[in-house]
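Hi everyone, thanks for coming. Let me put the sequence and the structure up, and then we'll walk through some spots together.

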Amino acid sequence: MESSGPVVLVTGGAGYVGSHTVLEMLNQGYTVVVVDNLVNCYRAPNSVLPECLKRIEKLSGKKVKFYELDIGDKSALSKVFSENKVSCVIHFAALKAVSESCQLPLLYYSNNITGSITLLEVMKENNVKNIVYSSSSTVYGIPQFLPLTENHPTGQGCTNPYGKSKYFVEEILKDVCLADNTWKVISLRYFNPVGAHPSGDIGEDPAGIPNNLMPFIAQVAVGRREQLFVFGDDYDTPDGTGIRDYIHIQDLVLGHLCALKKLTDPKLIGFKTYNLGTGSGHSVLEVVEAFNKASKRLVKYKVVGRREGDVAVSYCDSSLARAELDWQAVKTLQEMCEDMWRWQMKNPNGFQGNS
């Protein structure tokens, strides 16, 4: 079954946040075109679609139009626009591992910044000037005050190239809007997406060793990894471990749908940004404890030295999104862990199957 709603191009639509967003968009009647270079997702041999998109088609009962390409490939991207009446873009495509970005800064700047510029050039050439940008709380750097509001300075004290790349793209988007007031840009600064779709059929499936806490915990609980490494227990926090604002992937997805709706508001002009988070933080050990409860297993962990690029505490004030997008995160940490565990139990080896 084909969707008949507005055509939205989703870059990085086969990734973790992208795939969950694509499913909800299909359920809400959007026509979705996905582009992805498959750098961080699994596709079975001889299959056209990556596994996550095949499952999305099954869950939604609708078809996904998919192009395998890198957004840095201008001619390939231009062809996508010429073949589809794209009205809006949701831009997820980016490398996203904080620690890896410290080791491979040129790769991150090339992919995240140059790729975004190419996308914007092609959008401009095709007169598509509405975009929801997947940004990050890392643009705030080391927090000068908490909770983090959208008015907190950005780009000052960014602790890693990943965060800087997100900040630079935001600045580019601001300049594009200043130069041409027919652009509408919503930048969503989100905190730590975790969990999985309630079906357990799609979830976070990182290639290689997970860079994020929750998938690592889940892989330890399911037996794929021996133990979790806790990076530092000497932060100025109640239990010494880092505190983050974790948000359920389904809440995050609904934030993107609210942003898409906001783009149709005639009063919206230029660049606008919103925090998407719960507004409260949980420490690493609190997340471990919640996952132990959800899985009824004991996650082994070992404390090691601090990780380059990490900050002690980060959580947001999301009241602006509540007021202007009519959005609010509602799912609890326990629900995040339970949904993540359902996905991991059904898919102990991720999308590659259970063999």
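Here's one to start with: is N127 buried or exposed? Before I answer, please keep in mind that this is a predicted model. Okay, N127 is exposed, since its relative accessible area is 58% and the cut-off for that label is over 50%. You'll find N127 in the loop between α5 (105-125) and β5. Its phi is positive, about 55°, even though N127 isn't a glycine. For background, most residues other than glycine have a negative phi, and most peptide bonds are trans.

D326 sits in the loop between α10 (319-324) and α11, and with a relative accessible area of 68% it counts as exposed. While we're talking about backbone, look at L146 and P147: the peptide bond joining them is cis, with omega at about -5°. P147 belongs to the loop between β5 (130-136) and α6 (161-179).

Now, D326 takes us to a pocket. Which residues line the second largest pocket? They are Q28, Y30, L254, L257, C258, K261, K262, E324, L325 and D326. Sorted by type, that lining has five nonpolar residues, one polar and four charged. Helix α8, residues 249-262, gives the most to the lining, with five residues. As for the space in there, we're talking about 210 Å³.

Let's go inside. How many residues does the largest nonpolar core have? It has 71, and the ones with the most contacts inside that core are M25, L53, L188, L228, L260 and F291. There's also a second, separate core of 27 residues, and V7, L9, L119 and V169 are among them.

Take L188 as a case. If you skip its neighbours within four places in sequence, L188 still contacts V132, Y133, S134, S135, S136, G255, H256, A259, Y274, L276 and L325.

If you want to find the pairing on screen, I186 stands opposite K272 in β11. Strand β11 covers residues 270-276 and is mostly covered, with six of its seven residues buried.

What about a helix? Have a look at α7, residues 213-221: nine of its nine residues are buried. So what covers the buried residues of α7? The list includes β7 (192-194), β8 (228-231), β10 (246-248), α9 (284-295) and α11 (333-346). Just after α7 comes G223, with a positive phi of about 95°.

One last stop, a sheet. There's an open sheet of three strands in the order β12-β9-β14, and its pairing is mixed. At the edges are β12 (282-283) and β14 (313-314), each pairing on one side only. Strand β9, residues 243-244, pairs with β12 in the antiparallel sense over two bridges. To spot that on screen, look for I243, which stands opposite S283 in β12.

That's my tour, so over to you for questions.

Technical notes. Residues are numbered from 1 along each chain as its sequence is written. This is a predicted model: local features need pLDDT of at least 70, side-chain atom pairs count only at pLDDT 80 or more; totals for chains, interfaces and linings use all residues. Side-chain values use heavy atoms; hydrogens and water are left out. Two strands pair if DSSP finds at least two bridges between them. Helices (H or I, at least four residues) and strands (E, at least two) are DSSP runs, numbered from the N terminus. A nonpolar core is a set of buried Ala, Val, Leu, Ile, Met, Phe, Trp, Tyr and Cys residues joined through side-chain atoms within 4.5 Å. Buried means under 20% relative accessible area, exposed over 50%, partly exposed in between (1.4 Å probe, protein chains only). Contact means heavy atoms within 4.5 Å. On a 1 Å grid over the protein atoms alone, a cavity is a set of points where a 1.4 Å probe fits but cannot get out, and a pocket is an open set with protein on both sides within 12 Å along at least five of seven lines; lining residues have an atom within 4 Å of a point. Grid points are joined across faces, edges and corners, and a volume is the space filled by probe spheres set on the points. Ala, Val, Leu, Ile, Met, Phe, Trp, Tyr, Cys and Pro count as nonpolar, Asp, Glu, Lys and Arg as charged, and the others, Gly among them, as polar.
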